[in-house]
Amino acid sequence: MYKLFISKKLSTKDLLNKVLKKYNIKSNIIYNEFGKPFLKNNELYFSLSNSKEYSVCVISDSNIGVDIEYITYKPSILNKICTNDEKKLIHNANDFTKMWVKKESYVKYLGIGLSYGLKNVDTLKLDIIVKKYNDYYIAISM
Amino acid sequence: MKKDDNKELNKVIDIISKTCEIDKKNIKESSNLLTDLELESLDVVDLIVAFENEFNIEIQDQDIKNFQTVGDIVNYLKAHV
């Protein structure tokens, strides 16, 4: 069970503060060694992301990771981030961005970030939620 | 700073400027990639690949978390190239 909040005006920090205020949560934020934020002494999980003018925040009663990205295409990094099977499925900016947000949301879910190695995230074997929002894709791993 | 340090720094600044479309005058050795240059994860991976191609090295995934500032990248390249 999760809730997704999207803002065009607020920074991720301000969006999180607004969400916490809505739910009357006053916990401090702590970080793991890779920078993943958690609420101190609270069982609610959250994840934040931003791309260009949009910020997103997800909250959940279990671990969660979110990523938003403006639809883009950077074929130069395919070898760095994709398995051979994944590469065969990427033909345009939509394919690329969907793949990217899936991988990013998953490493944020794990709480390790880019250090995990995006190529190690095999999106063909993972069930990750992907939504299109205007010119952006949003992925949620949980 | 030695002359060689400046050469490495200038090359790194050139690559960041070209890859991420940031004016060179806004990129300093102390610039934080995320907070000062406002790079997103996609930009960081794009940069990593650009450095790998330019310096003919492979940057290990677990080393990425050490790249906080432009200076961190310069130091990494000096140690690994």
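How many residues does the contact take from chain B and from chain A? The contact takes 14 residues from chain B and 19 residues from chain A. The model is predicted.

**Interface between chain B and chain A**

About 1400 Å² of area is buried between chain B and chain A, and carbon and sulfur atoms give 61% of that area. On the chain B side, the residues that lose the most area to chain A are Glu40(B), Leu42(B) and Asp61(B), which together make up 42% of what that side buries.

Two salt bridges are counted between chain B and chain A. In a salt bridge, the side chain of Glu52(B) meets that of Lys80(A), at 2.6 Å from N to O. The side of chain B that touches chain A divides into seven nonpolar, two polar and five charged residues.

**Sheets of chain A**

In chain A, an open sheet of three strands has the order E1-E5-E4, and its pairing is antiparallel. Strands E1 (2–7) and E4 (45–51) of chain A stand at the edges with a single partner strand each, so one side of each has no neighbour in the sheet. Neighbouring strands of this sheet are turned by 15 degrees against each other on average, direction ignored. Seven bridges pair E4(A) with strand E5 (residues 54–60) of chain A in the antiparallel sense. Asn50(A) has Ser55(A) in E5(A) as its bridge partner. Helix H1 (residues 12–22) of chain A packs on the sheet and touches E1, E4 and E5 of chain A.

Another open sheet of chain A has three strands in the order E6-E8-E7, with antiparallel pairing. Its edge strands are E6 (65–70) and E7 (129–133) of chain A, each of which pairs on one side only. The twist from one strand to the next averages 15 degrees. E7(A) runs antiparallel to strand E8 (residues 136–141) of chain A, and five bridges join them. Within E8(A), Tyr137(A) is the bridge partner of Lys132(A). Helix H4 (residues 93–110) of chain A packs on this sheet, touching E6, E7 and E8 of chain A.

| H1 (residues 12–22) of chain A | E5(A) | about 35 degrees |

Note on methods
Residues are numbered from 1 along each chain as its sequence is written. Chains are lettered from A and ligands numbered from 1 in the order in which they are written. This is a predicted model: local features need pLDDT of at least 70, side-chain atom pairs count only at pLDDT 80 or more; totals for chains, interfaces and linings use all residues. Side-chain values use heavy atoms; hydrogens and water are left out. Contact means heavy atoms within 4.5 Å. Buried area is the accessible area (1.4 Å probe) that two parts lose on being put together, summed over both. A salt bridge is a side-chain nitrogen of Lys or Arg within 4 Å of a carboxyl oxygen of Asp or Glu. Ala, Val, Leu, Ile, Met, Phe, Trp, Tyr, Cys and Pro count as nonpolar, Asp, Glu, Lys and Arg as charged, and the others, Gly among them, as polar. Two strands pair if DSSP finds at least two bridges between them. Helices (H or I, at least four residues) and strands (E, at least two) are DSSP runs, numbered from the N terminus. Axes are lines fitted to C-alpha atoms, for helices over the stretch in contact, and angles run from 0 to 180 degrees between N-to-C directions.
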